Amino acid sequence: MTWWSVIRFLHVTTAALWVGGQLTVSLVVLPLARRLLETDQRGRVLREVGRRFGMFTGAFFLPVQISSGIAMAVHKGVTWESLTYPGYGRTLAAKLLLFVLVMVAATLHGWANGRGMAVFARTMAIASLVGSVGIILLATALPVT
Amino acid sequence: MTSVDVRIGAPGPRPTPPTQRRSRASWHALANAVVLAWLALAGVAALTHVRLPAPEWLAIHVFLLGAVTNAIVTWTEHFAIALLRHSEPAPWVRPVRLAALNTGVLSVLYGGSYGPVHLGVAGAVIVVGVVGWHVGILAAWTRRALGGRFAHVVAWYICAGVALVAGGTLGGLMLAGWPPGIGTTRLEAAHIHINLLGWVGLAVLGTLFTFWPTVLRTQVADGSDMIARRSLRLAAPGLAVTVGGFLAGARWVAVAGLLLYAAAAALALVPFLRTARRRRPHTPAAWMLAAGTVWFIVAVLTDLSVVATRAADQVADDLEPLVPFILVGFVGQTLLGALTFLLPVVLGGGPAALKRNAALLERGWIIRLIMVNIAVPLVVLPVPARVSQVAWALVLAALGAFVLLAAVTVFRARGPRVSPSIGGVVVGALATAVAVAVALSGGPGVTTQGGAGVTTQVGTGVQTVEVTLVGMRISPATIKASPGTRLVLRVTNRDAQQHDLRLATGQQTPMLGPGQTATLEVPPLTGPVDGWCTVPGHRAAGMTMRIEVAGAVAGSEGGTGSGEEPGSAPMDHMDHAASGPLNLAASMSPGWRPYDATLRPAPGATEHKVEIRAVQKEIEVAPGVRQRMWTFGGTVPGPVLRGKVGDVFTITLINDDTMGHGIDFHAGSLAPDVPMRTIQPGERLTYRFRAERAGAWLYHCSTMPMLQHIANGMYGAVIIDPPGLAKVDREYVLVQGELYLGEPGSTGQVRKMHDGRPDAWMFNGTAAGYDHAPLTARPGERVRVWVVAAGPSSGTAFHIVGAQFDTVYKEGAYLLRPGDDGGSQVLDLAAAQGGFVETVFPEPGHYPFVDHDMRHGEAGAHGIFEVTR
């Protein structure tokens, strides 16, 4: 157990909370809210859930994941050039690419929600969710560290 | 603008029942969705062309057969109905035609690139049949037509369709390899011309007579109907003469036909110009059509100059680089321009929807137009690779943007509603699929890099061992340790090139440059552990080590001891599968081009500057057999350099590969230390030498293990003319090399190299390649053949069956000159030697040339001189 295991722990835990949280909201909270709550109440609850989750993501999950990810990459000696190498480098590059795509989808989701484009907002929310699961797939495909 | 009716030029629109209008709109949504899907596929094919077999052939045919042919069939029918004022066909006709046509296209594409060939031929038959049927319907309509001011345009469509029937038939024949014995180059030249100038060209020219004024929203120019009739009377025979000329191998007949066609095109474009002068292009569609038409004119003129200056058998080769230019500049822009105008019109939905759809389709059109038209000349001109890559990126970006916009337009107008959940899952899954594709790219056999690395933790009972990587060896090769010991390896690379060390337990150092050091922590030992360098080929060359547990029986394999390099085990099995006798009589894949054996005269300049890139490339090395080769410049052999004694060669070697390479020119004499050094991926070096002595010299990769680098294709020839070298009628160069199938650098492949068991021998990189694309000569002509034996292990006994050499020049000296009493039968060369022979073929016939060591000659070192009057 070294300080690096702590950093790895933070990276994995925040990822689990972030993806798990999205899944919980989409698969548990949303369907129940639709079934059990009145329209105006539902809107308020869902907005609040979204706001709170967004706050956690922006203030805690993402900063921790990004900083711990960069730290581990530097520690492992990952360079920009090595991201182009087949194998570890490209898997990591693909994971980063998918992360960026998920962030774009999440941003579009927030943007569309603000403009009342409900269908597009929901499409982007689900796309972001599926993409985050894809990130985990790529994380497990990284050679053992 | 209130409404744009598609009954182009038809005075007084005839009322259409609303139900018919609606079904027409959904038909167009479907037909054009198919066109858009093919366009998207063409973009993907162009983007990924390095990974597919017969890459360019596939991308070109996805675009022309998939997108363009579908579009022409759909729209010529649509215009014919409008112009002839004919009723819509029976409801089953269009879906059946669409399904049949696309079945045929898919069969051609799949059969043509992956086989079986019969599938491709069957596809060609279907495509030809469908278009023939379509033409038949148009002809029947014309005969029954009650007039209509613009009925003559349909005659252009009929001629275009007949051209495709002929051109598709030629394509099917080429796929089938029939008729046997004659080179496919004439067929190919005819095929390219009749399809591009006939099927596409005539359909476009005919349409422009009425479509261009419609797009410009002005009247059809007076007299354009007469011009349409007259110009078709010139264009159709012109095209027929051109194709006949190509098939007969009569260059000047083809030129005459092309001149006739060009004159007809010029005449047909007179109303186009008149209209444009009256009403300047002011819509996106008009600009795209105008740009497409300009590139059409440039293409016809360029084609004319190519055909006029090349021998008929060479035209196809020299036209090939022009094809992407024609596809992008003329065909692509015209198609996209027409769709930009037509899609909103046929999708209907009332004036508001039309306006909205048009606005969406035209989004960013100025940027797209500029991007494409800047790129068009760059894809054909000899610009640096980076520039042409940027040009292609521009083209594909513009294409992608259009396909996206058009897909949204069609979808919004006619598409089914998709729930956000499904839409979201599809988008997310696609994004993940793209990322996984990126992650998996690079293929097997390329090793992982940057795995578990430096660990600073030091526990108790740790033993540190210095490991050195030098001279393709790991030292010490064996480490013995007691069970449970925690070993730390301090790995230092003392070699001049990159190495790393990977253990079967999964630990791996980063890729180490010369002088770099990394430490590796070995998990507590329970059994023997193997280690090796993961640079391709190094493990097979002997860069291995083993950690043994003291007390354990040597050779007993623990769970981790037998760990194979990822990907190498299945490859070894493939080696065995691939080592069976090759079928050298099988036909080469469609789209295969022989290495041009013609040797051009030395350039006049005394200084030669050449840029060579070391790059891996998949090459068809024997009929139907593709092999990833290590190459200089993407070909085996690399580029042939030629000069005179005293010339200075400045070569820039750029390493675009993932492993180190170097270069060694036997034609120069210098200290190897610096110029022949190994350079790493992304680096470049300059190699300057003065050719002080004449000869046929080898050049090859100078990086160890050279056996593998040469055997995998990294060699080429430098020809330095002896002073006073007589002029001859034809000069060819043949570089003979060995072929080792299997994953380059894999244990199985390298074993064959060490044992001297090649799978085949090749002249210029293809076993028996010149059996399928014979070298040509005429009786009485003096032919000089330069031969270089690249090895790496075997030489050659070069012989031409049925011919005698009256001149032999070997390793810098004449052994025989014309006028001597004796003759020669074989030029014998050891590995890396070179020379030339001269002969005069007495009469027409087929003269095989072989390595008369029959083990080599019957295993690929074989080709044919086709001597015709």
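Helices (H or I, at least four residues) and strands (E, at least two) are DSSP runs, numbered from the N terminus.

The model is predicted, and local features need pLDDT of at least 70, side-chain atom pairs count only at pLDDT 80 or more, while totals for chains, interfaces and linings use all residues. Residues are numbered from 1 along each chain as its sequence is written, chains are lettered from A and ligands numbered from 1 in the order in which they are written.

**Entry 1: chain B overall.** I looked up the element counts and found 21 helices and 27 strands in chain B. Of its 869 residues, 49% count as buried (20 or more other C-beta atoms within 10 Å of the residue's own; exposed is 12 or fewer, partly exposed in between; C-beta atoms are placed from the backbone). I then checked contacts (C-beta atoms, placed from the backbone, within 7 Å). Among those in chain B between residues at least 6 apart in sequence, 74% join residues at least 24 apart.

**Entry 2: strand β15(B).** I took residues 695–700 of chain B and found 6 of 6 buried. G695(B), W697(B) and Y699(B) cover one side, and A696(B), L698(B) and H700(B) the other; all are buried. β15(B) is joined to β13 (residues 664–665) of chain B by 2 bridges, antiparallel, with D664(B) partnered by H700(B). Towards β16 (residues 715–721) of chain B I found 6 bridges, also antiparallel. There G695(B) stands opposite I720(B).

**Entry 3: two open sheets in chain B.** I traced one open sheet of 4 strands in the order β10-β9-β12-β14, with mixed pairing. Its edge strands are β10 (625–632) and β14 (684–690), each pairing on one side only. The twist averages 30° from one strand to the next. β9 (residues 607–622) and β10(B) pair antiparallel over 8 bridges, and K617(B) stands opposite M629(B).

The other open sheet I noted has 4 strands in the order β3-β8-β7-β5, again with mixed pairing. β3 (478–481) and β5 (502–503) each have a single partner strand, so one side of each has no neighbour in the sheet. β7 (residues 529–532) and β8 (residues 544–549) of chain B pair antiparallel over 4 bridges; D530(B) has R546(B) as its bridge partner.

**Entry 4: helix lengths.** The expected span of a helix is 1.5 Å times one less than its number of residues. For α4 (residues 117–144) of chain B, 28 residues should span 40 Å, and the end C-alpha atoms are 41 Å apart, which agrees. Its buried residues include G120(B), V127(B), H134(B) and W141(B). α3 (residues 93–114) of chain B has 22 residues and reaches 31 Å, close to the 32 Å expected. R94(B), R97(B), L101(B) and N102(B) are among its buried residues.

**Entry 5: a helix pair between chains.** I compared α3 (residues 88–114) of chain A with α16 (residues 420–440) of chain B: their axes come within 7 Å and cross at roughly 160°. Axes are lines fitted to C-alpha atoms, for helices over the stretch in contact, and angles run from 0 to 180 degrees between N-to-C directions. α3(A) and α16(B) are therefore roughly antiparallel (over 145 degrees; under 35 is roughly parallel, 65 to 115 roughly perpendicular, the rest oblique). The crossing is right-handed (near helix turned clockwise from the far one by less than a right angle; left-handed if anticlockwise). In the contact, residues of α3(A) including R90(A), A94(A), L98(A) and L101(A) meet residues of α16(B), among them A431(B), A435(B) and A439(B).

Notes. Pairing = 2+ DSSP bridges. Contact = placed C-beta atoms within 7 Å.
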